[in-house]
Amino acid sequence: MSLDNSQSLSSSSSFPRIALNIYIHIQFPSAILHKGFPPDKIDLSDYIKGRSVIVVGLPGAFTPTICFNTMVGGEDEFNDALKEAGVDEVIIYCVNDGAVMNAWGDDQGIDGSMITFMADAYGELTRLLQMELTHPGPVSIGIHGRCKRHALYVVDGVVKVVNVAEREDDPAGDAFPEITCAPAMIEAINGVSAADKSEL
């Protein structure tokens, strides 16, 4: 899927809901995330300007998944490979408050790594990306107003890759999260680099 670079994401835009290594060109939306507590309020679109980042959305802090170490600690394990692929930072966010994300970051020991935890405190970014987790399964056990498990590769504010871990029998991506983990994202980024070179 290829869209004009000038097109922006909004609540009315047609953002891909299920995508595996989809190469697109859409402006990352302007949304305020919270970092730390009391929170620093950060417009993520401004924060990532001029850099290459991976933005990972998870259903919640401290929520269990078989890919937990790959999703969080695993990013640290792949630090060198991510940097070699040109990634400056991995931003992991959840629809939680800044205090919860701060505590999770301390628990995971992310200080000094390329990982930053932020909170989508009001679900603004999740709504703009159209990544709300509304399936009745997770909602029935209290996972309400959260985001789907997804990972975006963003270069200077332009979304290049969208990967969403979602299946009909696994709406939260707990059983099959691999598409949003570091190895899959590195592969997707390399694919983008190869595609960009072929267009030169």
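1. Ground rules. This is a predicted model, so to speak, with local features needing pLDDT of at least 70 and side-chain atom pairs counting only at pLDDT 80 or more, while totals for chains, interfaces and linings use all residues. Residues are numbered from 1 along each chain as its sequence is written, and side-chain values use heavy atoms, with hydrogens and water left out.

2. The largest core. Start with the largest nonpolar core, which has 25 residues. A nonpolar core here is a set of buried Ala, Val, Leu, Ile, Met, Phe, Trp, Tyr and Cys residues joined through side-chain atoms within 4.5 Å; buried is under 20% relative accessible area, exposed is over 50%, and partly exposed is in between (1.4 Å probe, protein chains only). Ile54, Val87, Val90, Ile92, Trp104 and Tyr153 touch the most other members. At least two residues each come from β4 (52-58), β5 (89-94), α5 (98-108), β6 (115-119), β7 (150-155) and α8 (182-198), and α8 gives the most, with five. Helices (H or I, at least four residues) and strands (E, at least two) are DSSP runs, numbered from the N terminus.

3. Helix α5. Which residues of α5 are buried? They are Gly98, Met101, Trp104 and Gly105. These four sit on the same side of α5 because they cover an arc of only 125° around the axis, the arc being that of the directions from the helix axis to the C-beta atoms. On the face turned away from the buried side you'll find the exposed Asp106 and Asp107. After α5 comes Gly109, with a positive phi near 65°.

4. His34. This residue lies in strand β2 (residues 32-35), and it counts as buried because its relative accessibility is 7%. Leaving aside neighbours within four places in sequence, His34 is in contact (heavy atoms within 4.5 Å) with Pro39, Asp40, Lys41, Met118, Ala119, Ala121 and Tyr122.

5. The largest pocket. Its volume is about 190 Å³, taken as the space filled by probe spheres set on grid points joined across faces, edges and corners. A pocket is an open set of points on a 1 Å grid over the protein atoms alone, where a 1.4 Å probe fits, with protein on both sides within 12 Å along at least five of seven lines; lining residues have an atom within 4 Å of a point. α5 gives the most to this lining, with four residues. The lining includes Met101, Asn102, Gly105 and Asp106.
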